[in-house]
Amino acid sequence: MSQDKTVEIAREYTDRVHQRIWSGFVDGKNFALSKATCEWVFSLDADEEIPGELRDEIQEEIKKKNTKEGYTVPRLSFYQGRWIKHSGFYPDRQLRLFKRSKALWGGKRVHERVEVKGEVGQLRHDLLHYPYDGKISGQIQTIDAFSTLLAQDLHDRGKRFSPILLLLRPPLKFLEVYLLRLGFLDGIAGFIIAVSSAYAVFVRYVKIRELQNCIGNRPS
C-alpha cells in the first residue's frame, strides 16, 4: 500500500500487481515470493539495477544442468558522486538469485536475508546499487529508520545501554571503516561514509537507552 507511483508504474508492464498492508521486510518479501511462478527468482530492490553483463551471466548460469540452489552477486554502490570500491561497501555480496522452492526470507526487523536449502554459488558481475539518492540527507533518513529497528531488535534480545559502549563504539566504527576497510581510498566519500557509519552506531545506542528508560517528550 505504498503512497508513491509504484503501482501505476508496475501496471505499465504487467497486470499481476498485488497490494497489501506493510507488515515488515521479512513477511513482505515472503509474501512476494509466494506470488512468484517461475523456478528462478531474482530479488531486486527499488534502488538497484541489473546491468547487461549480469543479466547475461544469470541467463547463462540457470541454463546449466548442475546449477546451485542459490547465487550471491557483488553489489557496487554509487554514492556522493562516485562508485564506492572500499569502505565496507564493496563487494557487499548479496544472495539474490535462487530457486523459489529452496528459499525463504528470514531475519529480524531489518537486514533480512534469503535462507537457501542447498549449495550457494557466486556470480561475477556487479549488481548496481544507488542508495540514499546519492546524498547525505538520504543516508541520514535511512540511519534514523534502521537504527530504530536495530535498537528494538537488540533490546528484545536483552541488550542494555552502556555509557562506555556509547563512548567507544562510534570512534572504533570510524577507524574500522576508514582505515581497516580502506575507506580513505574512496576519497572524501570514504570519509563521509566513515563518519556517518560512526553516527549510525551512536544513534543506535542512544535509542537503546531511550527504550530501556522509556524516554519520551514528557517527564514521567
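**Exercise 1.** In strand β6, which residue is the bridge partner of Y71?

*Solution.* The model examined here is predicted.
Step 1. Strand β3 covers residues 70-73 and is joined to β6 by four bridges; the two strands run antiparallel.
Step 2. Within β6, Y71 has L97 as its bridge partner.

**Exercise 2.** Determine how many of the residues of strand β6 are buried.

*Solution.* Step 1. A residue counts as buried when its relative accessible area is under 20%.
Step 1. Strand β6 spans residues 94-99, and six of its six residues are buried. The strand is therefore described as mostly covered.

**Exercise 3.** State the strand order of the open sheet of four strands, and identify its edge strands.

*Solution.* Step 1. The order is β2-β10-β4-β5, and the pairing is mixed.
Step 1. The edge strands are β2 (48-49) and β5 (82-84), since each pairs on one side only.
Step 2. Strand β5 is joined by three bridges to β4, residues 75-79, and these two strands run antiparallel.

**Exercise 4.** Classify the aromatic pair formed by W22 and F25, and decide how exposed each residue is.

*Solution.* Step 1. The structure holds 12 aromatic pairs. In the pair of W22 and F25, the ring centres lie 5.0 Å apart and the planes meet at 85°.
Step 1. Planes over 60 degrees apart count as edge-to-face, so the pair of W22 and F25 is edge-to-face.
Step 2. W22 has a relative accessibility of 59% and therefore counts as exposed. F25, at 23%, counts as partly exposed.
Step 3. F78 and W83 form another edge-to-face pair, with 5.0 Å from centre to centre and 70° between the planes. F78 is partly exposed at 29%, and W83 is partly exposed at 30%.

**Exercise 5.** Which ring does K29 lie over, and which ring does the charged end of R209 sit over?

*Solution.* Step 1. K29 lies over the face of W105, at 4.5 Å from the ring centre.
Step 1. The charged end of R209 sits over the ring of F161, 5.9 Å from its centre.

**Exercise 6.** Name the residues that ring pairs link into a cluster.

*Solution.* The cluster consists of F174, Y178, F184 and F191, linked by ring pairs.

Key. Residues are numbered from 1 along each chain as its sequence is written. This is a predicted model: local features need pLDDT of at least 70, side-chain atom pairs count only at pLDDT 80 or more; totals for chains, interfaces and linings use all residues. Side-chain values use heavy atoms; hydrogens and water are left out. Rings of Phe, Tyr and Trp (its six-membered ring) pair if their centres lie within 6.5 Å; planes under 30 degrees apart count as stacked, over 60 as edge-to-face and the rest as tilted. Buried means under 20% relative accessible area, exposed over 50%, partly exposed in between (1.4 Å probe, protein chains only). A charge sits over a ring if NZ of Lys or CZ of Arg is within 6 Å of the ring centre and within 35 degrees of the ring normal. Two strands pair if DSSP finds at least two bridges between them.
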